[in-house]
Protein chains: 2
Amino acid sequence: MATSTSAGGQTGAPRGRTGRPPVTSREQILVAALRLIETRGWQRLTIRALAAELGIGTTTLYHHVRDREDLLVQLIGEVVAQMDRPELPADPRERVAVAMMTVHDTLAAIPWAAEVLTVDGFMGRLGDTSVWIVEVVLAAVVETGSTPERAVEVFRHLWYYTAGEILVRARSAVGTLDRDRLLPEGQTLFGAREAAALPTLAAIGDQWPQIAARDTYAEGLRALVAGLLGPAAGAGG
Amino acid sequence: MATSTSAGGQTGAPRGRTGRPPVTSREQILVAALRLIETRGWQRLTIRALAAELGIGTTTLYHHVRDREDLLVQLIGEVVAQMDRPELPADPRERVAVAMMTVHDTLAAIPWAAEVLTVDGFMGRLGDTSVWIVEVVLAAVVETGSTPERAVEVFRHLWYYTAGEILVRARSAVGTLDRDRLLPEGQTLFGAREAAALPTLAAIGDQWPQIAARDTYAEGLRALVAGLLGPAAGAGG
DNA sequence: ACCTGAACACCGTTCAAGT
DNA sequence: ACCTGAACACCGTTCAAGT
């Protein structure tokens with residue numbers, strides 16, 4: 001764990017500090033939050049419910065986390081810290097892909113990540129492992145002949161694509177049942193009139209959901225890497 | 001306007017319908033919502049505030065929109081419908097880029113779009129203009145030699161990138177002030193110890209925010225298009 | 001057919017005191 | 001130093017009646 005409000009042991013021997021002793025710690029809060037998510041689902045993780053789980057006053061939490069968003073970011077940082085660091089390929093373009101795929105897979109497995117995925121400087125706030133991944137990506141991009149400045153831009157492109165994929169997929173997984181209400185039974189997406197103006201959509205017909213359900217993240221990511229850094233052979237810039 | 005619950009005029013001559021007359025309509029609701037956003041800001045657009053603005057009971061709104069999310073999607077549909085349809089280049093790859101840039105620019109200008117950008121089938125639910133844009137993209141991809149099926153995959157890649165860019169940028173615009181609280185004055189991003197392990201990040205130093213603030217959407221989009229469909233010359237597949 | 005108040009079941013966060 | 005109940009200022013949505 002990276003930071004510590006009161007390094008060392010639990011609430012025990014007072015080390016020259018004065019005042020009322022703490023009833024909880026950052027560690028206890030994060031553990032309780034993960035337990036709450038596991039037992040009741042992430043939608044139920046509220047500041048109030050978390051305080052109840054810890055058996056402390058609701059407002060006490062605000063001494064340990066800045067706000068709800070801060071709590072979620074710290075929580076994801078905790079999960080990411082336990083992530084295995086991937087084996088990195090020698091080829092820099094492939095190394096970029098593997099690093100981003102690791103981030104993607106880790107975050108996509110956390111459904112509550114979607115809530116805070118877009119906060120400013122998200123990756124930088126998660127802790128050592130994710131900062132390490134950013135460094136890996138930047139270094140690999142520089143290895144292909146780019147400046148560090150350009151590497152930051154490349155990383156952001158990759159992050160936009162990755163965050164977008166996770167966010168869009170996180171929603172479509174749930175919304176499957178709702179579509180029935182929008183399109184009444186038996187009704188196709190387009191009538192005959194529209195089919196003339198929208199031939200390609202008409203050709204796809206009701207196949208869209210099946211095609212959209214495919215996991216094509218890795219393929220798209222590699223296409224983006226190739227587009228940004230050139231194909232695996234020459235050194236781009 | 002695409003749909004109409006009671007085609008024709010306002011609440012006037014009853015056309016053989018029985019029961020209590022409506023106090024509002026889809027049109028009135030959308031107009032009032034846009035007015036509310038303009039005067040009080042989009043954060044203040046709540047079901048309750050909107051009903052108050054219209055001078056009707058809160059629960060009456062649920063006869064005209066399914067829920068808050070549905071209201072926002074319809075609202076964005078309204079804005080997108082007023083969008084100018086862009087002039088389309090002859091080159092299919094450039095046509096794809098222009099079409100997506102049009103969507104991007106329109107949605108990026110609507111800060112409240114971020115709330116519902118990731119709902120399932122978002123583009124398809126917005127109405128004629130956005131469906132037309134999807135058709136343009138699909139047709140252009142097919143023109144490069146892809147199957148319609150593959151075109152759907154390509155569109156989704158482009159949509160992930162576009163949605164991610166809009167969502168991440170929507171947040172970072174607001175969060176600038178908050179960073180000061182995370183990094184106390186004068187403190188750099190990394191100490192000397194970390195600089196050795198993270199040389200590329202160290203080289204960038206405090207330049208990150210400036211670089212990240214650049215608008216590089218178009219460049220990244222073109223890179224993705226090139227990576228997916230090949231460079232402007234040959235026909236990919 | 002359509003409208004509605006009241007109620008349900010909650011939120012995050014701040015304040016001003018405690019201990 | 002740290003903790004806390006009460007309060008502030010709200011939410012979206014459903015129910016069971018109205019008219």
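Modeller: A residue is near a strand if one of its heavy atoms lies within 4 Å of that strand. By this rule 24 residues surround DNA strand C, and the closest are Arg48(A), Thr59(A), Val23(B), Thr59(B) and Thr60(B). The model is a predicted one, in which local features need pLDDT of at least 70 and side-chain atom pairs count only at pLDDT 80 or more, while totals for chains, interfaces and linings use all residues. Side-chain values use heavy atoms, with hydrogens and water left out, residues are numbered from 1 along each chain as its sequence is written, and chains are lettered from A and ligands numbered from 1 in the order in which they are written.

Of the atoms of DNA strand C within 4 Å of the protein, 50% belong to sugar or phosphate, and the rest to bases. The individual pairs below are polar contacts, that is, N or O atoms within 3.5 Å of each other; within protein, one must be able to donate a hydrogen and the other to accept it, and residues adjacent in sequence count only if both atoms are side-chain atoms. On the base side, a backbone N or O atom of Arg20(B) lies 3.1 Å from a base nitrogen of DNA strand C. The side chain of Thr59(B) has an N or O atom 2.9 Å from a base oxygen of DNA strand C. Thr60(B) instead places a polar side-chain atom 2.6 Å from a phosphate oxygen of DNA strand C. By class, the surface near DNA strand C has six nonpolar, eleven polar and seven charged residues. Here Ala, Val, Leu, Ile, Met, Phe, Trp, Tyr, Cys and Pro count as nonpolar, Asp, Glu, Lys and Arg as charged, and the others, Gly among them, as polar.

DNA strand D is surrounded by 24 residues, the closest being Val23(A), Thr59(A), Thr60(A), Arg48(B) and Thr59(B). Sugar or phosphate accounts for 49% of the atoms of DNA strand D within 4 Å of the protein. Arg48(B) reaches a base nitrogen of DNA strand D, with a polar side-chain atom 2.4 Å away.

Behind this lies the pairing of the two chains. Chain A can be laid on chain B with an RMSD of 0.0 Å by a turn of 180° and a shift of 0.0 Å along the axis, where copies are superposed by least squares on the C-alpha atoms of residues with pLDDT of at least 70 in both. That is the relation of a two-fold axis. Contact between the chains, meaning heavy atoms within 4.5 Å, takes 57 residues from chain A and 58 residues from chain B. Since 100% of the interface residues of chain A are also interface residues in chain B, the copies meet through the same surface.

The rule for a salt bridge, a side-chain nitrogen of Lys or Arg within 4 Å of a carboxyl oxygen of Asp or Glu, finds eight across the interface of chain A and chain B. One of them joins Glu153(B) to Arg214(A), with the closest N and O atoms 2.7 Å apart.
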